[in-house]
Amino acid sequence: MLEQEFEKDKQKMLSLLPDYLSSKGINVGANFTCLNPDDKAHIPTMTYVKDKNIVSCFHCKNTYNIFDLIGIEYNLPTFAQQFTKAHELFIGSVPLGYIEILKKQALAQLSPSKGFSKPTFEITQDRQIVQPTPPFGGSTPQVNHAAPVQRETVPSFGFADQNDLQQMPERRESISFNTISPFDEARLRPFNQRVTSAQNSVQQNMGNNGFAAQNQNPGQLNQTARSPFSFSDVSNGTPRFGESQNTVFQNYTPDNTSFDFTDYINQCANNVSKSTYFTSRGLSESVIHRFKLGIDEHFQAELDSLAPQRYWKAAIIPYGIHGYCVRNTESSVDEKRDRYKKKGIFDIFNHEALEQPGTIFITEGEFDALSIETLGCRAIALGGASNIRQLIEAIRECKEEHTYYICLDNDEAGMESTKQIAAQLYQLKINAKIINLAHPYKDINEALCKAPEGLRNRVANLDKILSFSLESLTRKEPETRYILSSQDLQTLSLSAALYTMTAKPQVLRRLVSDIIKNRQQAIVYASSRPSRNYLSRFLTEGQTVFDASEWNALRFLEIGEDDIDSKIFSGIESQILQGNSSFVTIVDLCSLSEDKVDTTLTKLNNLCQVNGVCLIALCSEGIRAKAEGVSIQNLEIDVNEQGDYVVNTLDNLCRKVSFVCPKL
């Protein structure tokens, strides 16, 4: 019965070959570079043979199944080692019964007639088989039983024992697949699966980390898992990690679950107060506890199995009970391999956020998603460009309605991934928007650390910001009329816009009186009552007496310092309703302070734009800069020795124009 289960799992793993190749960036539908490290041709000579679940090269004539390729990648020469590693990657810990079967198969391959002695086997705490390893059919030397047996060891999944470092076998040189990086466990696409029975999961011994080892008996290899990883001890009502994980192998249900890191993660979380790493990156205490963030002060980095063991003061970010990522908190670290590692099985970070409808931010890294959660919104993290397909599948299968904001890092890789995600969500007709939430910083967590209030306000008002639109400048405007001659000034045949004149108040009022005396344009004069009296004196002086009562095209509108724009609008509207639509309104602002004139000119300009009326504002010389800024044309007025008006202005091409208008 056990042999049948063993063969069943073996066939299942063999069938995963196309997914394994795809996770390495290989297109199984076309030829690709040979995976044989001894084939130096470096040309696409290998193909995937679907009916046999193998890859075959027509150049070197080699064929490989999934176990062979895992052996090449991890430098594992025997089938027992290859099967164990594959089982760890795709299913979980290897049952003891399977180890006995692997022992028998290994013994059967060693023929007694050729003088081979019976090999010695050892089972490590993480169920790794250790045995003499003839490299692909090579001979195995006789064991000298008179001397202590030197056992070859293979590092366990994720950790290596310090005591065995001097006995590690020489590693073979890694190879590249299709010009991408060599096989590397940290970059391997996660072969995770939906957990169907947390009670059957086997906890992994955490080696020399000093956490889980305190609660485990090394001799009890077949112990069952403790209670599933839950946040009930920290935050009531918080969803449990790992209960809704989607995967590319969702139709594949293994008989054994993955390693359970619950105890290790809980102890790291209890240790979080020993470091200010998370709070220094802007995360709130509630988010730190809700996501079980933790600290491991003596994390075994295992950067190189041949080098002395190295330890990190590490920040632990759980992806669930079966996987977590590790960040080196030392600020002096430069190389990426010295800063970041992943352990176990991975899904999209904070996948549980998809279980509730509403707005979700898609970020690049875990800290970016945690930063959004700190601001009170929900976020998921991509965790790397290789997870785009996994992200899209998780979103596609989600039953809830969401609006997604894609806000990856502001670098080349982040922008390229953003384009891919947006394109695929568009094809699925899923509502998604690309936003540069971190601008001007590289990522969201940097923005949270350096400008927390600015980021908080941006997120709180995001809908209002995104709904704001700019108008087009391409619409055709009516031709604007400019005052470029004496005739233009006397007739005031102008466009519906704001014009300004700047000069000494007496000069401006005398000019207006002469325009009125010409009787070529109806005028509404808006000013204070003292300014009106000054204008009246100019109208009545001279040889020819002007009687305003004989001319119905002159009206006076009294204004003060308050609500000038509304009073002018009311006066203009009253004239239009009475049938007087052809007139120019001249507003005398010379008696107001410069600050009051500044705000009033802006309001008058808006009044012209909204209501389509023509206004001329009279301003003192000190307000010229503001007048030029808000009006369509400003005229600088002066008087020469003969008493004529000298006008300086600009035409529609901003060329200087000067002309003289004779005094009446």
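Which unit do E17, helix H19 and E18 make? They make a right-handed β-α-β unit, with H19 at residues 594-611 and E18 at residues 615-619.

This is a predicted model: local features need pLDDT of at least 70, side-chain atom pairs count only at pLDDT 80 or more, and totals for chains, interfaces and linings use all residues. Residues are numbered from 1 along each chain as its sequence is written, and side-chain values use heavy atoms, with hydrogens and water left out.

**View 1. Strand E17 and its parallel partners.** Helices (H or I, at least four residues) and strands (E, at least two) are DSSP runs, numbered from the N terminus. Two strands pair if DSSP finds at least two bridges between them. E15 (residues 523-527) runs parallel to E17, joined by 4 bridges. Here isoleucine 523 stands opposite valine 584 of E17. E17 also pairs with E18, again in the parallel sense and over 4 bridges. Valine 587 has alanine 617 of E18 as its bridge partner. The crossover through H19 is right-handed: with the strands pointing away from the viewer, the path from the first strand over the helix to the second runs clockwise.

**View 2. Burial of E17.** Buried means under 20% relative accessible area; exposed means over 50%, and partly exposed lies in between (1.4 Å probe, protein chains only). In E17 (residues 584-588), 5 of the 5 residues are buried, so the strand is largely enclosed by the rest of the structure. In a regular strand the side chains alternate between the two faces of the sheet. One side of E17 holds Val584, Ile586 and Asp588; the other holds Thr585 and Val587. Both faces are covered.

View 3. H11 (residues 412-427) has 16 residues. Gly414, Ser417, Thr418, Ile421 and Leu425 are buried. They cover an arc of only 110 degrees around the axis (taken from the directions from the helix axis to the C-beta atoms), which puts them on the same side of H11. On the other side, Glu412, Lys419, Tyr426 and Gln427 are exposed.

**View 4. Surroundings of H11.** The buried residues of H11 pack (contact: heavy atoms within 4.5 Å) against strands E10 (358-363), E12 (402-406) and E13 (432-434), and against helix H10 (388-397). Just after H11, lysine 429 takes a positive phi of about 60 degrees.

**View 5. The open sheet E1-E2-E3.** This sheet has 3 strands with antiparallel pairing. E1 (46-49) and E3 (63-64) are the edge strands, each pairing on one side only. E1 and E2 (residues 54-57) are joined by 4 bridges. Valine 49 stands opposite isoleucine 54 in E2.

Terms used. The expected span of a helix is 1.5 Å times one less than its number of residues.
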